[in-house]
Amino acid sequence: MLSDLLYRLRALSRRKSMEAELDEELRAHFERQVEKYIQSGLTREEAARRARLEFGGLEQVKEECRDSWGVTLIQALLRDVRYGLRQLRRTPGFTAVAVVTLALGIGGNVAVFSLLDTVLLRPLPYLHPDRLYMFFPVEAESQRAMVASSYPNFQDWHEQSHAFEAMAGYHGESLSLTGTAEPERLDGLRSTPGLFALLGILPLLGREFSPSDDPHVVLLTYELWRRRFGGNAAIIGKSIHLEGRTYSVLGVLPPHFHFPPSRWGRAPELFVPVIPNPDRGWHYLRVIGRLAPDITEQQAGTEMNGIAARLAQAYPDTNRDQGIALDQLSQYVVSGVRETMWVLLGAVAFVLLIACTNVANLLLSQGATREREIAIRTAVGATRSRLLRQLLTESLLLAGMGGALGVALAYWTLPLMASALPQHTSFFTRVHDAGFKLNSTVFTFAVLLSVLSCALFGLLPAWRTTKPARGSGASVRTGRIRSVLIGLEVALSFVLLAGAGLMMKSLVRLLGVDVGFRTERLLTMDVSLAGEKYSSAENQAAFFGQVLQRLESLPSVLSVGATVDLPLTRSWTRDSFEIPGPNPRQGLAAYHAVSPDYFRTMGIPLLSGRELLTADSAGTPLVGVVNRSLAQKYWPNENPVGKTIIATRAVEQSTSKGTRVEFKQQELEIVGVVGDVRQLGLDAPPDPELFMPYTQWASSEMSLVLRTASDPSSLIPVAKKEIWRVDPDQPVTDIRTMDELVSTEAAGRRFVLQLIGAFAAIALVLAAVGIYGVVSYGTRQRTHEIGIRMALGARGQQILWLVAGQNAKWLLIGITTGVASALALTRLLTAYLYAVRPTDPLTFVAVSLLLLAVAMLAVYIPARRATKVDPMVALRYE
Amino acid sequence: MSNERIDLPQGTLDLLILKTLALEPQHGWAVSERIQQISSEVLRIQQGSLYPALHRLERRGWIKAKWGASENNRRAKYYELTKSGRKQLEAEESAWRKLIAAVGQVLETA
């Protein structure tokens, strides 16, 4: 088989010498035969005559030999290609429109596919990533999975499991790096020993944690090592300052190493050992494991649930009814974006279908104008299959050129798409980790897609065009096919436009949400205190007190506040509280320590009672302010001001076995009610919240908010300087304006909207071009008829209605089909919609009107031109 | 040309060529002469049809061609049986014998 192919290729490439050899071979035969006859006594002429007779026609033999070489088919194909290229050059307008149309369709698909390839198809950059699994404790009753496990549970799993050859626990933690240049807050990861071996990653320098290591050792990522330590290899064994303590550098990880490939963006820059917490109920470790060879996921699952059942029996207090769920790391990483990916791919596939419909229509009109050529070629003996091959070759050429231009377009759009990727999603992290470029998978996809589009747009027109002519009936039928295709195009565009319309409405609604405070000219920044000197609550409160005072005195700062959890950052700590009385009730609220001026600075209104005061301090009775949601939920018909609740406070205590967290009950009085804010996100309805003075509930991490008189970002340098005047060792991080936060919040939806919106816009333009093409072709065909009508007294307007009316039918059928399909398909967008139903009638009406208006314009222009025809010219037409 | 000469049945030319080349490498003219001689001039081969067949067999990889000097020192294209050609010959030979036997049986008994 292979030698056959090689032979053919050689025959094709060495055509000239093959011909010469054939010539020589046949001549040699002929001469020998002549000699034989001469020897038997014939004259030279007689011998030659006989030899020729016996040999048969020389040219025919040569042709048969060439057939044997198996290259005639290829040569015919090359001839078709040359002919096709000439044909396409002869109609440059048609070729350009078709190629650009296809390029838009194919290019869009290639761009989306390369995103899919990067995010979903490419393996994670670890050793045999398909054998890495995440562990999730599951509550049997609610079937709810928890993300984290406790240290003792992890230890038991690790010791008892045989299905996993390695297991490690980890959790994220921010760490302040001090002692060199500017203090910096870094994203870190605490892990148990063996995490890197489990991933198949060898440190570039030094080694990873071992169980015997001191807890104060650290591994640096390559990037941090280069950035903060100048890439100096002598760093191994040296000490650096983290959280005010010295840590000895154990190793440096290889370049581009990221773990975990988290859904939440920023990858940790340094790694320190986990501090064991002996409390079995304290869930803080994410657990990852590597499946042993020859063990299936199912076997591992069975084993783990067996272990969980034993633990549930041994520790009913903490582990009752607890199972374990396994999720492949690669699946876990992309959960949430996979659905988005399919939606985008579906949308862009619609664009390609519309493009193909357009080109099919163009080819049908072309076919009609090429009737004469086809007739002549048929007359001189071309078979239908020969003509089909010719036409399909032309289609393939168009598809090839469209595909090539499409890949170029995709190459150009990738950076645009990368910059629009929403942060805090695996889109962003995967693209960031794996890089975003056209690779061989994408190219293969582009080639296959071009061939597929060729079949989509080329087969029908080629079939129609080569159909033996049967009077004018055929062209009427072709006219109907073209109308059906237009209807299809309108329907497809409608679905895309409806999707884009719904998403746009959602985004407008989302950005218009009342967040409960004023977002303009608000600067926010985080400060977290580290080190021995801030281990006491007094010192923490004193630091923030001084910082607030200094910032307040800055010239263009109107007011300053501090809170533990900024709104819209998706961070909060929820805890329970108790409402005492004859029938004590339990409640749940987000706890926030805030400064007295926090509400005023944010613009959160006080609804009743009083705000927190500077006078509420460590020495005075504990007080709190609740939000409207909490008041309504727990005191629906009463004013909560003056009521007392018992709040829970978590206190960390270091013991010889690790850090233990204990809970203390403390009574506090509600002194005021404030308005609700969108704490968790723009789309998250408010939840009960409880605010306490930071002087009474001190925290080492707080966000500062500054209401400024001028552009908030201009204040960043002075604000930092003021903070460092209080303590130069404390890092200031996450400096953002509130407007930036709001915009980040909407980024995920905006990304999907941008893509679907772009696809819908392309679809609309293509549909308009398609309708215009069909109508102008149709009226040109009917110039004669229109001329007669005008000569008989029809007025321009009547002609206009005639043309418009005929096309309007198919437009309306298209829109109706579009509405029906959109009703079925927009459900898939539900996850991206906010405060808009997927069948929002207003959007559907608006989209119908838009599409109808654009379509009618595309009909009107050529129809109007038809009415301008001079009847005399029209009658002489053809 | 006597009337006793018969045309070659479809597809048997390949078999004859392979068989002829199984003895030794030969050029085209010699192959045609050999077939004529051995078949006592009964089989009639249009000499021209020999060459497309040779080229086809070469493409299939059953024979390979080499230019060499002929007996009277002229350049000639020699064809030689390949390993897979030898296998093909065996297969075709046995198929042919089965066919002959079956046809013969039918002719005798029917």
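**Helix 25 of chain A**

I began with helix 25 (residues 783-791) of chain A, where Ile786(A), Gly787(A) and Met790(A) are buried. I took helices (H or I, at least four residues) and strands (E, at least two) as DSSP runs, numbered from the N terminus. I called a residue buried if 20 or more other C-beta atoms lie within 10 Å of its own, exposed if 12 or fewer, and partly exposed in between, with C-beta atoms placed from the backbone. Down the axis of helix 25 of chain A, the buried residues fall within an arc of 105°, so they line one face of the helix; the arc is that of the directions from the helix axis to the C-beta atoms. Gly793(A), just after this helix, takes a positive phi of about 110°.

I note that this is a predicted model, in which local features need pLDDT of at least 70 and side-chain atom pairs count only at pLDDT 80 or more, while totals for chains, interfaces and linings use all residues. Residues are numbered from 1 along each chain as its sequence is written, and chains are lettered from A and ligands numbered from 1 in the order in which they are written.

**Domains and cores of chain A**

I looked up the division of chain A: domain 1 (2-70), domain 2 (142-320), domain 3 (337-511 + 747-876) and domain 4 (531-729). These bounds come from an automatic or database domain assignment. The C-alpha centres of domain 2 and domain 3 of chain A lie 53 Å apart.

I then turned to nonpolar cores, meaning sets of buried Ala, Val, Leu, Ile, Met, Phe, Trp, Tyr and Cys residues joined through C-beta atoms within 7 Å. The largest has 156 residues, and Leu496(A), Phe759(A) and Ala763(A) have the most contacts inside it. Helix 24 (residues 747-781) of chain A gives the most to this core, with 17 residues. Domain 2 and domain 3 of chain A both give residues to this core, so it lies between them. A second, separate core of 59 residues includes Val515(A), Ile604(A), Leu612(A) and Val671(A).

For contacts I required C-beta atoms, placed from the backbone, within 7 Å. Leaving out residues up to four places away in sequence, Ala763(A) touches Phe350(A), Val351(A), Ile354(A), Leu492(A), Ser493(A), Leu496(A) and Leu497(A).

**Pro211(A)**

I found Pro211(A) in the loop between strand 5 (205-206) and strand 6 (217-220) of chain A. Pro211(A) is exposed, with 8 other C-beta atoms within 10 Å. The C-alpha atoms of Pro211(A) and Ile861(A), 650 residues apart along the chain, are separated by 79 Å.

**Chain B**

I counted four helices and five strands in chain B, in the order β-α-β-α-β-α-β-β-α from the N terminus. Of its 110 residues, 30% count as buried. Three strands of chain B form an open antiparallel sheet in the order 2-5-4; two strands pair if DSSP finds at least two bridges between them. Strand 2 (26-27) and strand 4 (63-69) of chain B are the edge strands. Seven bridges join strand 4 to strand 5 (residues 75-81) of chain B, and Gly68(B) stands opposite Ala76(B) in strand 5.

**Interface**

Last, I checked where the chains meet: 20 residues of chain A are in contact with 15 residues of chain B. Helix 2 of chain A gives the most to the side of chain A that touches chain B, with seven residues.

Technical notes. Contact = placed C-beta atoms within 7 Å.
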